[in-house]
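Have the viewer open and follow along.

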Amino acid sequence: MTAQQPEQTQQPQPQPQQDGVDRITAQWRAVRPDLDTSPMALIGRLSRASRLLERGIKENLALEGIEPWEFDVLATLLRSGPPHVLTAGELSSAAMVSSAALTNRIDHLVEKGLVERAVDPTHRRRVLISLTDTGQELTNRLVEHHLTGEERQLTGLTAVERDQLTVLLRRVLLTLGDHAEDPTPR
């Protein structure tokens with residue numbers, strides 16, 4: 001080193017913050033060092049993130065007096081496009097609930113004045129579910145509120161990280177058999 005060059009010191013790299021899954025995988029490494037716990041670390045984080053995200057969504061929707069299952073039905077009808085009408089079967093498929101569960105949900109939303117149930121005039125055995133004007137106004141407001149809440153939940157990621165995570169999670173879902181068949185055909 002010459003007299004003109006200052007001595008460079010190596011700064012220690014900060015350790016990443018630990019989460020609950022780190023503690024669990026560390027315990028497994030201590031008792032079973034022969035096991036590769038990396039799948040557990042990833043799936044544990046996905047599972048835990050899912051629960052925490054769902055809790056945040058539930059808390060956010062509760063501010064508007066709505067349960068997540070109510071929002072799911074209302075949003076499914078809204079995103080179906082005008083006139084915001086689906087058959088009970090289409091709605092059941094799109095909302096991924098049984099017809100019995102859907103019947104109870106629709107009854108509840110009818111009581112709140114958010115949806116209407118009618119017999120299809122072209123096919124008397126089919127039931128049509130539609131958003132009321134009140135339901136449509138509420139759902140449009142809820143979607144904006146919901147997206148604001150989801151944005152808040154993702155503040156720890158940059159736009160590039162979000163895009164990368166989206167690509168990776170899509171690949172995981174496809175590997176697990178989740179494909180884009182449209183449950184609400186036109």
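Let's start with L42, which sits in helix α2. Keep in mind as you look that this is a predicted model. Is L42 buried or exposed? Its relative accessibility is 53%, and since the cut-off for exposed is over 50%, L42 counts as exposed.

Together with I43, L46, L154, L157, L165, L169, V172, L173 and L176, L42 makes a nonpolar surface patch of about 840 Å². Two helices, α2 (38–62) and α7 (159–175), each put in at least two residues of that patch. Which of the helices gives the most? That's α7, with 4 residues.

Now for the empty space. Rolling a probe the size of a water molecule over the atoms shows where such space is left. The largest pocket here holds about 1200 Å³. Its lining runs to 27 residues, and the ones nearest the centre are L46, A49, L53, L165 and L169. You've met some of these already: L46, L165 and L169 are among the residues of the nonpolar patch.

Where does the lining come from? At least two residues each are supplied by α1 (20–31), α2, α6 (133–153) and α7. The largest share belongs to α2, at 10 residues. So while α7 gives the most to the patch, the pocket lining draws its largest share from α2.

Conventions:
Residues are numbered from 1 along each chain as its sequence is written. This is a predicted model: local features need pLDDT of at least 70, side-chain atom pairs count only at pLDDT 80 or more; totals for chains, interfaces and linings use all residues. Side-chain values use heavy atoms; hydrogens and water are left out. Patches are made of residues with over 30% relative accessible area and no salt bridge: like charges are joined within 9 Å, nonpolar side chains (Val, Leu, Ile, Met, Phe, Trp, Tyr) within 5 Å. Accessible areas come from the Shrake-Rupley method with a 1.4 Å probe; for residues, only the protein chains shown count as cover. A salt bridge is a side-chain nitrogen of Lys or Arg within 4 Å of a carboxyl oxygen of Asp or Glu. Buried means under 20% relative accessible area, exposed over 50%, partly exposed in between (1.4 Å probe, protein chains only). On a 1 Å grid over the protein atoms alone, a cavity is a set of points where a 1.4 Å probe fits but cannot get out, and a pocket is an open set with protein on both sides within 12 Å along at least five of seven lines; lining residues have an atom within 4 Å of a point. Grid points are joined across faces, edges and corners, and a volume is the space filled by probe spheres set on the points.
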